[in-house]
Amino acid sequence: MSTAAQHATSPPVALAIAGTDSGGGAGMTADVRAFAACGVHGSVAVTAVTVQDSLGVSDVHPVPPAVVAAQIRTVARDMGVDAAKTGMLASAEIIAAVAEVCDEVGIGSGGIPFVVDPVAASMSGSPLLAGDALDAIRSLLLPRATLVTPNLDEIALLVDVKVVDDASAREAAAALHDLGAAAVLVKGGHLEATTGREQAECVDLLSLAGGEEHEFRSVRLDRPHTHGGGDSLASSITAGLARGMSLVDAVALGKEFITRAVDHSYPLGAGHGPVSTLWAAAL
Ligand SMILES: Nc1ncnc2c1ncn2[C@@H]1O[C@H](COP(=O)(O)OP(=O)(O)OP(=O)(O)O)[C@@H](O)[C@H]1O
Ligand SMILES: Cc1ncc(COP(=O)(O)O)c(N)n1
């Protein structure tokens, strides 16, 4: 089939550079579900295999960095990538390989939207990133990122800011811009846990270069099963970007998507169940 004929009938392509979750709640499984629900074809570069269930992560097997890079290169060359996102990256060596191949194929600095979700640990507290890899995220990924989507714990690790209110959320965003991120989404999901103050809403702050800001608000749903929430948000934003939306519109789509996914989350296993995209299934 000619390239033109393919493009006449094919959806945009989004690429998840992420780890596996054997329990199916988070990581690349959540990414591909979100991509499909948001109307794009999902491709994957697997960075690590985790042995994981609803209670936590019992083992991690990183993929060799050259193999991670080869997955990205082969997908980009054959299918083309309309937007990409990172999740679990496991090690500084994998991050270096990802940065290099992203430059080679045009992801990030080359103009293909690049969403960096700086995953450091699972919600159960298991580390998903080597301790010495934070510097690689700061120096190699943030300068290439169209958007970085940290939660409050990742912000503390990356820029040593404790977010407790609007002012500290802005301070965190400014520190991440200083490290080179073009846009920052400070996710407010953990605000209740970190401050101990009850919150009626979940507010995510989008900060764009040049000082433009947008707040994305939803009601805080009383749901314990939010495994995969951060991945699903970043992937749905990436899907919006792959579809050609502006960053503000893509984040609005992501916020709508994740709010419904949290609303439809379900218990599974003895620990934390996943947010759900099944509400979007038509059959
Ligand atoms: N209880 C909730 N009700 C509604 N939205 C929520 C709730 N908890 C989190 N969210 C939203 O889900 C998204 C993910 O936020 P969060 O800050 O929890 O990120 P995360 O820690 O990366 O996610 P997770 O660890 O759950 O994968 C944000 O848009 C946040 O506002
Ligand atoms: C492979 C992989 N990637 C990402 C997460 C983070 O998701 P969560 O914070 O919901 O545990 C995870 N648990 N596993």
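In the predicted model, the residues surrounding ligand 2 (those with a heavy atom within 4 Å of the ligand) are Gly19, Thr20, Ala26, Gly27, Gln52, Met88, Ser122, Met123, Leu128, His227, Gly228 and Asp231. Residues are numbered from 1 along each chain as its sequence is written, and chains are lettered from A and ligands numbered from 1 in the order in which they are written. Local features need pLDDT of at least 70, side-chain atom pairs count only at pLDDT 80 or more, and totals for chains, interfaces and linings use all residues, while side-chain values use heavy atoms, with hydrogens and water left out.

Polar contacts are pairs of N or O atoms within 3.5 Å; within protein, one atom must be able to donate a hydrogen and the other to accept it, and residues adjacent in sequence count only if both atoms are side-chain atoms. For ligand 2, a nitrogen atom is 2.8 Å from an N or O atom in the side chain of Gln52. An oxygen atom of ligand 2 is 2.8 Å from a polar backbone atom of Met123, and a polar side-chain atom of His227 lies 3.1 Å from an oxygen atom of the ligand. Taken alone, ligand 2 exposes 360 Å², of which the protein buries 91%; accessible areas come from the Shrake-Rupley method with a 1.4 Å probe, and for residues only the protein chains shown count as cover. The shell around ligand 2 comprises 4 nonpolar, 7 polar and 1 charged residues. In this classification Ala, Val, Leu, Ile, Met, Phe, Trp, Tyr, Cys and Pro are nonpolar, Asp, Glu, Lys and Arg are charged, and the others, Gly among them, are polar.

Ligand 1 is surrounded by 19 residues, the closest being Lys187, His190, Asp204, Leu221 and Gly230. By class, 7 are nonpolar, 8 polar and 4 charged. At least two residues of this shell come from each of strand 8 (201–208), strand 9 (213–219), helix 9 (229–242) and helix 10 (247–263); helices (H or I, at least four residues) and strands (E, at least two) are DSSP runs numbered from the N terminus. Oxygen atoms of ligand 1 take part in contacts with the backbone and with a side chain: a backbone N or O atom of Thr226 lies at 2.9 Å, a polar backbone atom of Gly230 at 2.8 Å, and an N or O atom in the side chain of Lys255 at 3.0 Å. Taken alone, ligand 1 exposes 620 Å², and the protein buries 91% of that.

Helix 9 also packs with helix 2 (residues 27–37), at an angle of about 40° and with the axes 8 Å apart.

Definitions and conventions. Axes are lines fitted to C-alpha atoms, for helices over the stretch in contact, and angles run from 0 to 180 degrees between N-to-C directions.
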